There are 2 protein chains.
Amino acid sequence: MTQIESARQGEVTDEIRAVAEKEKRSPEFIIDGLRSGTIVIPVNSLRRGRHAIGIGSGLATKVNANIGSSSDQISLETELEKLMAALDAGADTVMDLSTGGDIEAIRRAVLEAAAVPVGTVPIYEAAIRAVKAGKGMVEMTEDEIFQTIEDHLKSGIDFVTVHCGVTRAAIAKLRECGRLTDVVSRGGSFTLEWMYYNDKENPLYAGYDRLLEMAREYDATLSLGDGLRPGSLADATDLLQVSEMVVLGELVKRANRAGVQVMVEGPGHVPLNEVEANVVLEKKVCFGAPFYVLGPLVTDISAGYDHIAGAIGGAVAAAAGADFLCYVTPSEHLRLPTTEDVREGVVATRVAAHAGDIVKRVPGAYEWDVAMSDARKNLDWDRMLELALDPRRAKKLRDSSKPQDTTLCTMCGEYCAMKKVKGVLGDKK
Amino acid sequence: MTQIESARQGEVTDEIRAVAEKEKRSPEFIIDGLRSGTIVIPVNSLRRGRHAIGIGSGLATKVNANIGSSSDQISLETELEKLMAALDAGADTVMDLSTGGDIEAIRRAVLEAAAVPVGTVPIYEAAIRAVKAGKGMVEMTEDEIFQTIEDHLKSGIDFVTVHCGVTRAAIAKLRECGRLTDVVSRGGSFTLEWMYYNDKENPLYAGYDRLLEMAREYDATLSLGDGLRPGSLADATDLLQVSEMVVLGELVKRANRAGVQVMVEGPGHVPLNEVEANVVLEKKVCFGAPFYVLGPLVTDISAGYDHIAGAIGGAVAAAAGADFLCYVTPSEHLRLPTTEDVREGVVATRVAAHAGDIVKRVPGAYEWDVAMSDARKNLDWDRMLELALDPRRAKKLRDSSKPQDTTLCTMCGEYCAMKKVKGVLGDKK
């Protein structure tokens, strides 16, 4: 049985119990979310018992880190290093987006090493298999596409991005309406190219029922990709993006009916004042399905610091109800991320997720901040470092700059406001 | 004549002309802003001709970097290094908050080297002078406080933070209502301590007219400090903060009447969903005076990454109308910032300011993003690097990771969506 099916029967699975505990919610709360499709627990049935996290309404905002090789940079060791950096920095899930080298070997190694849900975008490997078989990428058959997806699910992948919304109708609209940066999604561009050369509908749209059957078999979560996501502020919330979301909303409904867990992916590049509207839109049009956003980046010009632009958009999205933030690293738009980039990207995104959780009133979120500020007021440095989002980094910075009076810090030294005010108000309150 | 007085007579000063040009606005636009107090040009009359930036409604959001020694870390060279790092990273102004070593020498060196407006918080030096004279900090006289302010203005300081709103009435409210982190502003805590031991009203409140006269003489801009700003999410937008802002609003009005330029300082630590309300409040209560916020930090737990929490709050504040963002560095709450921290803090805050400027429709802001995305679509790397917020950093990251095909990058390599889609749509459009 899938998690949804269990939930519909009122059964508290191990995963539901584990998620309820972590989130400080009742099992009934999780069951209600699974039933209505507002919560997913992305655990492939072959990996049950290994890990369980919930993503969706009422739960803490989760953070995903993308890792994976590219045709230019191929190293299993580096990818495993990145995986460890992501987990160490607190990523809730990882996606292995490898497109270089022995993709299958990397995927299996990541699955083996990761005690968190692992996602992939199977169309990448499907296309690369075609190329390795001496064909053009566009010559892969529909069966080959589905076969690759099944291979991923069989190997234990917990959630897969499928660009079902890049349809012939969408491409017609793209030609008609135009946009600044057309299609910036890799999976979206593969699909577009395939459809163009084969003059056929997107197999993942036309064959969506087949996809649902596969996902159901492994209780894998579908992550409906936004192949037409805006790749620039200019394209944000445009007709193409919104019409794709309408298609995805229908597919969410069909997944719910089939007992398949489903999330919806979102942008991308979005001006700050449109971020909330994007979340509202998804929640309405997609029947409350968990919203998984990439950033969003609130400017196009911050290459080198896109983790910060992504944290800004991600925080606002999370506060508005986005459930799952895909990190963006400082290397976005410039190069494949390094291990250090992975760490920076995860932590920046965790800051954003937590800022959103405070607004969402996720159990325990605000209380964490209160505990920290209480420690600050008491000049309790051990407790402050322990409560920091990244205790090692906080400790490293503090240790690098020793104050004369170790109850203080080198910022204000003896002129510490906390200390002064304590002296004045302390005895009077 | 002060800039306001010139504006009231319809005179286009060199500073007004320079600001209008930089901001792509008419001189009349700047004059209107100066007249109504919604724009300031913080240039001490002794430093005219050296630099001119405008801060306020309709203008690009500006970024301030705090530098300065502390009792634990004293080095003129390091402070000048930080100054250069701040300017190099694109800070619009700097504040020298030195409290260690020869404060006057540092201030003069900073003024000499900085081709941007320089601000200070004179109460720091006033208090330290008292200590150096063998008295307790609280034994400084009112005249000594005013004398230090005048010394700063005489040396050419363009804007001064004055904590005029920490009044006896405010302290009574603090005792009555309580809050988690009491007073976290250094200047606020000095003032509080002084008032407590002397059992007197805040000299900068009681003697505000004297302050206005001084500011008028040098055409210095007053930055009304928020000595009661929240130092934790728990204290945000509380009675104490708001009642101080009400006091500051009255003082804004009096400054306007006296022909003195004035800005208002704001928080601090604010949950994401209260940031906009804080801006609205200031704009209404303080008669549209430019709003100068510190962060705001949207969480208390991100020590080590507070530049990111500050960028999130700063972007949302700027989008809502905040005019001037004081950076926060990764070292906030842990140590005096290093030169590298200064650089990181400035750039993070510039990302936030720009994200806000896009929403504010500041002339040229959105166009920058469009130009970048156009370069991306055309795989024009020279242009992309040139247009990056920090071209050197962007180039460094790209150069560190060479793609086989130099029209692409190592993220997607040959599977670049931009390239693929160009191939498909290029000839059909």
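Here is a chat about the barrel, the core and the ring contacts of a predicted model.

Student: OK, how many strands are in the closed barrel of chain B?

Tutor: There are 8, running β3-β4-β5-β6-β7-β8-β9-β10, and the pairing is parallel.

Student: And how are neighbouring strands turned against each other?

Tutor: By 25° on average, ignoring direction.

Student: Can we zoom in on one pair? How many bridges join β8 to β9 in chain B?

Tutor: Strand β8 (residues 262-266) and strand β9 (residues 291-294) of chain B are joined by 3 bridges, and they run parallel.

Student: What holds strands together in general?

Tutor: Strands of a sheet pair through backbone hydrogen bonds, either parallel or antiparallel.

Student: Which strands does helix α11 of chain B lie across?

Tutor: Helix α11 (residues 208-218) lies across β6 (159-162) and β7 (221-224) of chain B, and runs at about 140° to β7(B).

Student: Switching to the core now. Which residues touch the most other members of the largest nonpolar core?

Tutor: That core has 253 residues, and the ones touching the most other members are A:Leu222, A:Leu224, A:Ile312, B:Leu222, B:Leu224 and B:Ile312.

Student: What is B:Leu222 in contact with?

Tutor: Leaving aside neighbours within four places in sequence, its contacts include B:Val160 and B:Val162, B:Tyr208, B:Leu211, B:Leu212 and B:Ala215, plus B:Val260 and B:Val262.

Student: New topic, aromatics. How many aromatic pairs does the structure hold?

Tutor: Over all chains, 10. One of them is A:Phe159 with A:Phe324, an edge-to-face pair at 6.1 Å centre to centre, with 65° between the planes.

Student: What does that pair tie together?

Tutor: A:Phe159 is in strand β6 (residues 159-162) of chain A and A:Phe324 is in strand β10 (residues 324-326) of chain A, so the pair ties together parts 165 residues apart in sequence.

Student: Are those two buried or exposed?

Tutor: A:Phe159 and A:Phe324 are both buried.

Student: What about A:Tyr415 and B:Phe190?

Tutor: They form an edge-to-face pair too, 5.8 Å centre to centre with 70° between the planes. A:Tyr415 sits in the loop between α18 (391-399) and α19 (417-425) of chain A, and B:Phe190 in helix α9 (residues 186-198) of chain B, so this pair joins two chains. Both A:Tyr415 and B:Phe190 are buried.

Student: Last one: what sits over the ring of A:Phe29?

Tutor: The charged end of A:Arg25, 4.4 Å from the ring centre. In chain B, B:Arg25 lies over the face of B:Phe29, at 4.4 Å from the ring centre.

Conventions
Residues numbered from 1 in each chain as written. Chains lettered and ligands numbered in written order. Predicted model: local features only at pLDDT ≥ 70, side-chain atom pairs only at ≥ 80, totals over all residues. Heavy atoms only, no water. Core = buried A, V, L, I, M, F, W, Y, C linked by side-chain atoms within 4.5 Å. Buried < 20%, exposed > 50% of the residue type's maximum accessible area, 1.4 Å probe, protein only. Contact = heavy atoms within 4.5 Å. Phe/Tyr/Trp six-rings, centres within 6.5 Å; stacked < 30°, edge-to-face > 60°. Helix = DSSP H or I, 4+ residues; strand = E, 2+ residues; numbered from the N terminus. Lys NZ or Arg CZ within 6 Å of the ring centre and 35° of its normal. Pairing = 2+ DSSP bridges. Axes fitted to C-alpha atoms, helices over the stretch in contact; angles between N-to-C directions.
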